[in-house]
Amino acid sequence: MAEVISILNQKGGCGKTTTAVNLSAALALLGKKVLVIDMDPQANATTAFGVEKNEENSVYRVLTGEQTVGEAIVSTEISQLDLLPSHISLSGAEIELSKDIGFPFILKESMDGLLDDYDYVLLDVPPSLGILTINALVAADSVIIPIQAEFYALEGMADLLDAMKLVESRLNSPSPIKGILITLYDSRTRLGRDVYQNVKQYFGDTEYIFKTTIPRNVKLAEAPSHGKPCIIYDDECIGTEAYNDLAKEFLSLNESDGEGNK
């Protein structure tokens, strides 16, 4: 059965979508069967895979009961990697979903019967703590939190952790942190090094911090405009190297935790 992982941070610009797209691609190229669910109304992950944004196949229709996950999933150019696309219509879903007393469980229940088809399901979560994020947390087995190596990187982190604890306690749905990922990192700058140390001090020994860091890299920024993960767009750039290393560290971590190939 697949492990479901939310890529989560309520701050924008920290590399959530870049991580969801490129980590999933790297895992697929290592032989894992992966599904990405684009939970963000901006649909940037959908664009990054070169998939047209339309309502015909979308997570919006799944959440509103108009379509099953199996019907909405589309293939990507990577044979082991599928996508459940998003669409701007998802921005209005929170109002519709809030009318359902069981709204926190809609995504989780929609994936019933699907998880045996994949090794990993990665959720690209919007930068908010609203209903879509709650659904992603309830559906997830674990969470990866990207944190950019920039000033104010840890601002709002307490609110995020409190929201995760609230979901766990009130909905009886724990989503432990799988790892903290440092993004937009430049070891040559004092700011980058200082933020990295601040993250280590903030979390101490309570959470796993990935040894792999994701650098600033123009190819990572260019790739979505070409409708490709960076790993496909430029397989030799430092961004691709970093996400390949992250995928290997991720799999090694799963194996050490006894959570390998499910």
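This is a predicted model: local features need pLDDT of at least 70, side-chain atom pairs count only at pLDDT 80 or more; totals for chains, interfaces and linings use all residues.
Residues are numbered from 1 along each chain as its sequence is written, and side-chain values use heavy atoms, with hydrogens and water left out.

1. Helix α1, span. Helices here are DSSP runs of H or I with at least four residues, strands are runs of E with at least two, and both are numbered from the N terminus. After α1 comes Gly31, with a positive phi near 100°.

2. Helix α1, burial. Twelve of the 14 residues of α1 are buried, so the helix is largely enclosed by the rest of the structure. Among them are Lys16, Thr17, Asn22 and Leu27. Buried means under 20% relative accessible area, exposed means over 50%, and partly exposed lies in between (1.4 Å probe, protein chains only).

3. The largest pocket. Its volume is about 480 Å³, and 29 residues line it, with Cys14, Gly15, Lys16, Thr17 and Thr18 nearest its centre. Two or more lining residues come from each of α1, α2 (44-48) and α10 (218-222); α1 gives the most, with five. A pocket is an open set of points on a 1 Å grid over the protein atoms alone, where a 1.4 Å probe fits, with protein on both sides within 12 Å along at least five of seven lines; lining residues have an atom within 4 Å of a point. Grid points are joined across faces, edges and corners, and the volume is the space filled by probe spheres set on them.

4. Cysteines. The structure holds zero disulfides, a disulfide being a pair of cysteine sulfur atoms within 2.5 Å. The sulfur of Cys14 has its closest cysteine sulfur in Cys230, at 18 Å, which is too far for a bond. For Cys230 the closest is in Cys237, at 3.4 Å, also too far for a bond. Cys14 is buried at 0% relative accessible area, and Cys230 is buried at 1%.

5. Gln10. This residue sits in the loop between β1 (3-7) and α1 (16-29) and is buried, at 17% relative accessible area. Its side chain reaches the backbone oxygen of Gly156 at 2.6 Å. Beyond neighbours within four places in sequence, the contacts of Gln10 (heavy atoms within 4.5 Å) include Pro127, Leu129, Met157 and Asp159.

6. Leu83. Strand β4 (residues 81-84) holds Leu83, which is buried at 0% relative accessible area. Its C-alpha atom is 8.8 Å from that of Val51, 32 residues apart along the chain. Leaving out residues up to four places away in sequence, Leu83 touches residues including Leu35, Phe49, Val51 and Ile73.

7. Positive phi. Most residues other than glycine have a negative phi, so two residues deserve a look. Tyr152, in the loop between β6 (142-148) and α8 (157-171), has a positive phi of about 70°. Leu184, in the loop between β7 (177-183) and α9 (190-203), has one of about 50° and counts as partly exposed, at 23% relative accessibility.

Note on methods:
A polar contact is a pair of N or O atoms within 3.5 Å; within protein, one must be able to donate a hydrogen and the other to accept it, and residues adjacent in sequence count only if both atoms are side-chain atoms.
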